[in-house]
Amino acid sequence: MENKVTVKIYGQEYTIAGDKPEETIIRIAEYVDNKMRLISKVAGEAGQGNIGILSAINIAEEYFDALAKTEQLSIAKAKLENDSKYYLKMWEDAKQNYAKYQESMKNMKSMQKEESSKIEELQAKCNEYENAFFDLQMENIRLKSELEKLKG
């Protein structure tokens, strides 16, 4: 849809046709008008014949500065996206490592319980063997005593 808008730029009326909304066309025309008036004040009487060219150059400079800034922002955005992907991967790796750690801890606790149970069994056997050894020593002493009585 083409819009036709009559605007006033630096004292002259122009009919501008374009696909942009009327408000946008008016805003652009006002920008050019303000730029021409500003350059007219700075250039004074000597530069009056070149106001249009000087304004166009000034606007072109702003345009290329904006393009350069846009390019910088695009590069920064791409870097941030890459950084984000990297940190998301690190996050996912950390979550996986944490899950493995949790599983490993669970397994270790289970093994610890089993080992504790084995240790208790071994301690009980040691106590049994100590008691049996003590009983054998006592039996040995008793037998030695009997042997002494029989000899003597």
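Me: Helices are DSSP runs of H or I with at least four residues, and strands are DSSP runs of E with at least two, both numbered from the N terminus. Where do Lys95 and Glu92 lie?

Reply: Lys95 and Glu92 both lie in helix α2, three residues apart, which is about one turn of the helix. This is a predicted model, in which local features need pLDDT of at least 70 and side-chain atom pairs count only at pLDDT 80 or more, while totals for chains, interfaces and linings use all residues. Residues are numbered from 1 along each chain as its sequence is written, and side-chain values use heavy atoms, leaving out hydrogens and water.

Me: What do Lys95 and Glu92 form?

Reply: They form a salt bridge, with the closest N and O atoms 3.2 Å apart. A salt bridge is a side-chain nitrogen of Lys or Arg within 4 Å of a carboxyl oxygen of Asp or Glu.

Me: Why are Glu115 and Lys118 separated by about one helical turn?

Reply: They are three residues apart in helix α2, so about one helical turn lies between them. An α-helix has 3.6 residues a turn, so residues three or four places apart point the same way.

Me: Which residues are linked in a network of salt bridges?

Reply: Glu139, Arg142 and Glu146 are linked in this way.

Me: New topic. How many aromatic pairs does a search of the whole structure find?

Reply: The search finds three. Rings of Phe, Tyr and Trp (its six-membered ring) pair if their centres lie within 6.5 Å; planes under 30 degrees apart count as stacked, over 60 as edge-to-face and the rest as tilted. The pair of Tyr86 and Tyr87 is edge-to-face because the planes are at 70°, with ring centres 5.2 Å apart. Tyr98 and Tyr101 make a tilted pair, because their planes are at 35° and their centres 6.3 Å apart.

Me: Now the core. Which residues make up the largest nonpolar core?

Reply: It has eight residues: Val5, Val7, Ile9, Ile25, Ala29, Met36, Ile39 and Ile51. A nonpolar core is a set of buried Ala, Val, Leu, Ile, Met, Phe, Trp, Tyr and Cys residues joined through side-chain atoms within 4.5 Å.

Me: Which element gives the most to this core?

Reply: Helix α1 does, with four residues. Buried residues of α1 include Thr24, Asp33, Lys35 and Ser40. The buried residues of α1 pack against β1, β2 (12–18) and α2 (51–151).

Me: How far does α1 reach from its first C-alpha to its last?

Reply: Its 22 residues reach 31 Å, close to the 32 Å expected at 1.5 Å a residue. The expected span is 1.5 Å times one less than the number of residues in the helix.

Me: What follows α1?

Reply: Gly44 follows α1, and its phi is positive, near 70°.

Technical notes:
Buried < 20%, exposed > 50% of the residue type's maximum accessible area, 1.4 Å probe, protein only. Contact = heavy atoms within 4.5 Å.
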